[in-house]
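Q: I'm new to this one. Can you walk me through it once it's on screen?

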Amino acid sequence: MSEDSEPVATVETGDAPQLSHRRILWMMAIVLIVGVALSLIYAQRNFTLGLIIGGALAFLNYYWLKLSLKNIFDRMAASGEKPRFLAMQYFLRYAALGAGVAVVYITKIASLPAVLLGLSIIAPAVVVEGIIRIFTSNSSKREEL
């Protein structure tokens with residue numbers, strides 16, 4: 001490894017990360033809407049409410065993570081030092097999500113498996129975003145040849 005390393009090629013447009021976040025949020029919303037619509041038809045009201053609560057917690061988790069990471073990187077860029085209590089911020093986020101799930105479990109206002117399923121709506125959204133990125137990056141590389 002040499003001392004004179006070149007930075008990795010960056011995306012030419014500054015909109016790519018913002019577009020990716022927006023697309024993931026839209027995919028999360030679509031997955032949640034389809035899931036709620038299907039559960040309204042085929043499942044009990046308790047299950048549908050669990051999906052809605054879990055989906056709301058998933059959106060809250062996504063925004064909280066995005067904000068936390070932005071603050072960490074902004075502080076690192078401004079001061080050049082590592083932010084303190086990094087693990088504590090992540091623990092607090094998971095503790096808050098766990099508390100929300102615990103409230104649902106204790107009060108039995110919704111189906112716990114449905115809440116957990118609603119929390120997982122990020123997974124198909126990220127998979128779809130990855131597939132989109134693979135095909136758009138391959139098509140741009142073919143145009144260069």
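Q: How much of the protein chain is buried?
A: Buried residues are 23% of the 145 in the protein chain. Buried means under 20% relative accessible area, exposed means over 50%, and partly exposed is in between (1.4 Å probe, protein chains only).

Q: Anything to know about the source before we go on?
A: This is a predicted model: local features need pLDDT of at least 70, side-chain atom pairs count only at pLDDT 80 or more, and totals for chains, interfaces and linings use all residues. Residues are numbered from 1 along each chain as its sequence is written, and side-chain values use heavy atoms, with hydrogens and water left out.

Q: OK. How many helices and strands does the protein chain have?
A: There are 5 helices and 0 strands. Along the sequence the pattern reads α-α-α-α-α. Helices (H or I, at least four residues) and strands (E, at least two) are DSSP runs, numbered from the N terminus.

Q: Which residues make up the largest nonpolar core?
A: It has 12 residues, including Ile-24, Leu-32, Leu-51, Tyr-62 and Ala-125. A nonpolar core is a set of buried Ala, Val, Leu, Ile, Met, Phe, Trp, Tyr and Cys residues joined through side-chain atoms within 4.5 Å.

Q: Which helix gives the most to this core?
A: Helix 1, with 6 residues. Helix 1 and helix 2 (45-79) each supply at least two.

Q: And what is Ala-125 in contact with?
A: Ile-24, Met-27 and Met-28, leaving aside neighbours within four places in sequence. Contact means heavy atoms within 4.5 Å.

Q: Where do the contacts in the protein chain reach?
A: Take those between residues at least 6 apart in sequence: 75% join residues at least 24 apart.

Q: Back to helix 1. Is Ser-39 buried or exposed?
A: Ser-39 is buried, because its relative accessible area is 4%. Ser-39 lies in helix 1 (residues 16-42).

Q: What does Ser-39 touch?
A: Gln-44, Phe-47, Thr-48 and Leu-51, not counting residues up to four places away in sequence.

Q: New topic. How many aromatic pairs are in the whole structure?
A: A search finds 1. Tyr-62 and Tyr-63 form it, edge-to-face, 6.2 Å centre to centre with 80° between the planes. Rings of Phe, Tyr and Trp (its six-membered ring) pair if their centres lie within 6.5 Å; planes under 30 degrees apart count as stacked, over 60 as edge-to-face and the rest as tilted.

Q: Is Tyr-62 buried or exposed?
A: Tyr-62 counts as buried, at 11% relative accessibility. Tyr-63 is partly exposed, at 45% relative accessible area.

Q: Which ring does the charged end of Arg-93 sit over?
A: The ring of Tyr-94, 4.5 Å from its centre. The charged end of Lys-108 sits over the ring of Tyr-105, 5.0 Å from its centre. A charge sits over a ring if NZ of Lys or CZ of Arg is within 6 Å of the ring centre and within 35 degrees of the ring normal.

Q: Where is Lys-108 found?
A: In the loop between helix 3 (86-107) and helix 4. Lys-108 counts as exposed because its relative accessibility is 59%.

Q: What is the phi of Lys-108?
A: Positive, about 55°, although Lys-108 is not a glycine.
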